[in-house]
Amino acid sequence: MHADEPKTPRISGNAQAASASQEEGNRSSATSEDVKGVADAQSLKAKILGPQNLSMKKPPSLYRVILLNDDFTPEAFVLAVLQNCFGHGEEDSKALINEIQNKGSGVGGVYSYEVAETKMDQVSKSARKGRYPLQCTLERLNA
């Protein structure tokens, strides 16, 4: 040993093994605490929400967004609305426009209530912005 080197105690092989074992024990106790915390959270959730059976939950109700025919809104505008608001292609949009003209209404899409309401608002805002009387309604599907 040189005189200017710091003197550090040497750890024997048994001491290193004991130290590693102690560190491993600390890690495993943290894991068991984590598991206990998850179990406590699940228990609390069960107390608050009560027993839940996922098979008993009903899927959300679906709604049709129905566009209504009028004699003033141009086909090009309705085509743009169907493509931009509902994501229809050009062929589907043209077929739907024919249905709206022949039957008086046509289904733009079927969505959950919140999405259907948003689509209806998009159509209404687009129509107001373009100063067209295009209207649409929501109709709940029978489940």
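What distance should the 18 residues of helix H4 span, and how far apart are its end C-alpha atoms? I took this up as the opening check on the model, which is a predicted one. At 1.5 Å a residue, H4 (residues 113-130) should span 26 Å. I found the end C-alpha atoms 26 Å apart, in agreement with that expectation.

**Entry: the chain as a whole**

I next recorded the make-up of the protein chain, which has 4 helices and 3 strands. Read from the N terminus on, the elements follow the order α-β-α-α-β-α-β. The chain holds 143 residues, and 19% of them count as buried. I noted an accessible surface of about 11,100 Å², with 51% of it belonging to carbon and sulfur atoms. For contacts between residues at least 6 apart in sequence, I found that 70% join residues at least 24 apart.

I then returned to H4 and looked up its buried residues, which are Ala116, Lys119, Val123 and Ala127. Viewed down the axis of H4, these buried residues fall within an arc of 70°, so they line one face of the helix. I traced the packing of the buried residues to strand E1 (62-68), helix H2 (75-84), strand E2 (105-112) and strand E3 (135-140).

**Entry: helix H3**

I repeated the span check on helix H3 (residues 90-103). Its 14 residues should span 20 Å at 1.5 Å a residue, and I found the end C-alpha atoms 20 Å apart, which agrees. The buried residues of H3 are Ser93, Leu96, Ile97 and Ile100. I listed E1, H2 and E2 as the elements against which the buried residues of H3 pack. After H3 comes glycine 104, with a positive phi near 95°.

**Entry: valine 81**

Is valine 81 buried or exposed? I located valine 81 in helix H2. Its relative accessibility is 4%, under the 20% limit, so valine 81 counts as buried. Leaving out residues up to four places away in sequence, I found that valine 81 touches Phe86, Val123, Ser126 and Leu134. One of these, serine 126, lies 45 residues from valine 81 in sequence, while the C-alpha atoms of the two are 7.6 Å apart in space.

**Entry: a nonpolar patch**

Which residues make the nonpolar surface patch? I recorded Leu44, Ile48 and Leu49, with a patch area of about 320 Å². Isoleucine 48 belongs to helix H1 (residues 13-49). With a relative accessible area of 63%, isoleucine 48 is exposed.

Methods:
Residues are numbered from 1 along each chain as its sequence is written. This is a predicted model: local features need pLDDT of at least 70, side-chain atom pairs count only at pLDDT 80 or more; totals for chains, interfaces and linings use all residues. Side-chain values use heavy atoms; hydrogens and water are left out. Helices (H or I, at least four residues) and strands (E, at least two) are DSSP runs, numbered from the N terminus. The expected span of a helix is 1.5 Å times one less than its number of residues. Buried means under 20% relative accessible area, exposed over 50%, partly exposed in between (1.4 Å probe, protein chains only). The arc is that of the directions from the helix axis to the C-beta atoms. Contact means heavy atoms within 4.5 Å. Patches are made of residues with over 30% relative accessible area and no salt bridge: like charges are joined within 9 Å, nonpolar side chains (Val, Leu, Ile, Met, Phe, Trp, Tyr) within 5 Å. Accessible areas come from the Shrake-Rupley method with a 1.4 Å probe; for residues, only the protein chains shown count as cover. A salt bridge is a side-chain nitrogen of Lys or Arg within 4 Å of a carboxyl oxygen of Asp or Glu.
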